[in-house]
Amino acid sequence: MKIHPELYQKYNKPTPRYTSYPPANYFKEVDDYTQIVEAIKASNNENPQNISIYIHIPFCCQLCSYCGCNTLITSNEKLISTYVDTILKEIDLLKPLLDPNRKISQIHWGGGTPNFLPITDIQKIMGKLYANFDTIKQPEIAMECHPAHLTKEYVDGLVELGFNRLSFGIQDFNEQVLEAVNRQKPLLPIDEIIAHIKSYPQISLNLDFIYGLPFQNLKDYAKTIEQATELSPDRLAVFSYAHVPWIKKQQKSLEKFGLPTAEEKIALFEQAYDILTAKDYVPIGLDHFAKPEDELSKALKTKQLHRNFQGYCTLDTTGQVYALGVSGISQLHSAYLQNTKSITKYIKSINKGVFPIERYYFVNQNEKIIRDVIEQIMCNMYVDFKQVAGKYDLRVEEIYNLTKVDFRNISEFQAEGLLNFADDVLELTRQGQFFMRNIAASFDPNMKNNQKNFSKAL
Ligand SMILES: C[S@@+](CC[C@H](N)C(=O)[O-])C[C@H]1O[C@@H](n2cnc3c(N)ncnc32)[C@H](O)[C@@H]1O
Ligand code: SF4
């Protein structure tokens with residue numbers, strides 16, 4: 001695939017990633033705690049009925065210079081075990097608010113590095129969840145892992161606890177790149193630990209890569225992606241490096257090595273795309289690839305793909321998300337609720353029996369409709385506006401009006417070969433898939449007079 005240089009120059013401007021709508025920088029400071037508790041209770045009467053649990057473990061033992069996640073570099077065992085106990089208390093706080101008939105369909109451990117915790121801590125939290133909630137027949141239980149801390153015994157422990165999805169941060173196989181970004185080496189050779197994981201057929205494996213880091217070039221990055229396909233993961237994520245040094249100060253340190261230009265970045269992605277699609281991986285959304293038999297590829301085919309802060313998922317298993325731990329964001333049907341990012345405040349608040357929620361956003365009906373349209377673009381690359389109108393009992397013109405879409409922009413995208421729009425159906429082309437954030441933004445009324453800071457679209 002070749003992305004036209006004039007198009008990426010035109011569209012490579014700050015644009016939301018749309019992991020939520022409205023994006024997290026629209027969230028407000030909590031001023032009325034009772035309203036927050038009421039929002040959690042109200043979620044029992046909304047869909048989806050399934051419960052997705054997100055558990056944020058911020059700890060890492062070394063800071064990767066590119067990292068945009070919410071992390072805390074520590075080896076303070078006392079702090080870590082207090083944090084684990086606090087998550088157990090947070091479950092106690094949440095449990096009485098949720099309808100006991102509701103079941104867990106997903107548990108996602110993210111970070112930071114969740115596998116930095118001893119397996120006994122994972123057992124404690126999983127045991128508490130299983131003791132307090134029923135699960136659907138085949139819940140998805142996932143962990144984001146750093147291979148620097150992963151042993152075969154640890155994998156065995158996770159399997160025993162019901163984990164069936166593991167994701168590894170690889171980023172690149174090139175040692176010069178990994179050294180420049182201060183990335184710890186894997187504990188075991190990657191092929192060895194993956195062979196062990198594959199001895200468990202129930203585990204689906206994802207590998208994360210990043211393009212746009214110092215010292216990455218076409219020749220070496222091709223080797224990295226080829227090597228990735230030889231490991232045959234079920235899914236891969238190939239993330240565009242988001243350089244936001246005004247938020248993540250340590251990223252500034254990468255500038256001394258020189259970062260690839262926008263043109264070089266695009267070429268790295270194009271090449272990864274070509275290698276992966278030649279090996280039959282199906283492009284999913286902005287930056288994911290999945291084997292054709294993977295649920296995500298199947299869901300894309302039937303336009304049932306969905307997305308939350310934890311990534312792409314299928315409508316079957318996704319529930320409303322209840323987040324535990326620092327900085328976690330609950331994604332309820334009508335509200336986003338974000339826990340404090342300060343670990344001290346988090347522990348103090350839970351010990352007082354108060355949810356540590358600092359920021360929130362209540363989503364109104366119009367925003368839910370816009371969210372639906374944007375999610376369809378970001379996931380399924382397809383919107384049938386008549387269908388959306390039918391779902392909300394509105395006329396199709398009313399949908400267009402509330403998104404404040406300017407049809408001159410849509411005609412421009414169409415003339416550029418990025419989408420087809422006819423008979424109230426919008427469909428992105430392969431080329432358009434790469435510009436989906438820009439296309440989604442044209443249906444976001446907030447972007448008409450946007451003053452917020454986002455990372456660049458590409
Ligand atoms: C929580 S980490 C994964 C688990 C573990 N901490 C690790 O690094 O292996 C989530 C993923 O986000 C991606 N990531 C982190 N910072 C990023 C950035 N600034 N731009 C793009 N992707 C980033 C990386 O690919 C990383 O694997
Ligand atoms: S990339 Fe992973 S290991 Fe590295 S600092 Fe970020 S969360 Fe920690």
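Which of the 18 residues around ligand 1 come nearest? That is where these close-ups of a predicted model start.

View 1. G68, H146, G169, D208 and F239 are the residues that come nearest, out of 18 around ligand 1. Sorted by class, the shell around ligand 1 holds eight nonpolar residues, eight polar ones and two charged ones.

**View 2. The surroundings of ligand 2.** Around ligand 2 you'll find C60, L63, C64, C67, C69, T71, G111, G112, T113, H146 and G169. This shell has no charged residues; it splits into five nonpolar and six polar. Look out for H146 and G169, which are named among the residues nearest to ligand 1 and also belong to the surroundings of ligand 2.

View 3. The protein comes in two parts, with domain 1 covering 5–9 + 21–362 and domain 2 covering 365–445. Domain 1 puts twelve residues into the contact, and domain 2 puts in 14 residues. On the domain 1 side, strand β12 (residues 305–308) supplies the largest share, three residues. That side of the contact is made of eight nonpolar, two polar and two charged residues.

**View 4. Helix α3 against helix α11.** Here α3 (residues 77–94) meets α11 (residues 343–351), their axes coming within 9 Å and crossing at roughly 45°. With that angle, the two helices α3 and α11 are therefore oblique to each other. The crossing of α3 and α11 is left-handed. From α3, the contact uses T82, Y83, T86, K89, E90 and L93, while α11 brings I343, Y346, I347 and I350. Count them by class and you get six nonpolar, two polar and two charged residues.

**View 5. Helix α8 alongside helix α9.** The axes of α8 (residues 218–230) and α9 (residues 262–278) sit 10 Å apart, and the helices pack at an angle of about 30°. An angle under 35 degrees counts as roughly parallel, so that is how α8 and α9 run relative to each other. The crossing of α8 and α9 is right-handed. On the α8 side are L218, Y221, A222, I225, E226 and T229, and they meet A267, L268, Q271, A272, I275 and L276 of α9. By class, this contact has nine nonpolar residues, two polar and one charged.

View 6. One cis bond links Y21 to P22, with omega at about -5°. P22 is in the loop that runs between α1 (5–11) and β1 (28–29). Another cis bond links N47 to P48, again with omega at about -5°. P48 is in the loop between α2 (33–42) and β2 (51–57).

**View 7. A positive phi at Q171.** Most residues other than glycine have a negative phi. Q171 is not a glycine, yet its phi is positive, at about 75°.

Technical notes:
Residues are numbered from 1 along each chain as its sequence is written. Chains are lettered from A and ligands numbered from 1 in the order in which they are written. This is a predicted model: local features need pLDDT of at least 70, side-chain atom pairs count only at pLDDT 80 or more; totals for chains, interfaces and linings use all residues. A residue is near a molecule or strand if its C-beta atom, placed from the backbone, lies within 6 Å of it. Ala, Val, Leu, Ile, Met, Phe, Trp, Tyr, Cys and Pro count as nonpolar, Asp, Glu, Lys and Arg as charged, and the others, Gly among them, as polar. Domain bounds come from an automatic or database domain assignment. Two residues are in contact if their C-beta atoms, placed from the backbone, lie within 7 Å. Helices (H or I, at least four residues) and strands (E, at least two) are DSSP runs, numbered from the N terminus. Axes are lines fitted to C-alpha atoms, for helices over the stretch in contact, and angles run from 0 to 180 degrees between N-to-C directions. Angles under 35 degrees count as roughly parallel, over 145 as roughly antiparallel, 65 to 115 as roughly perpendicular and the rest as oblique. A crossing is left-handed if the near helix is turned anticlockwise from the far one by less than a right angle, and right-handed if clockwise.
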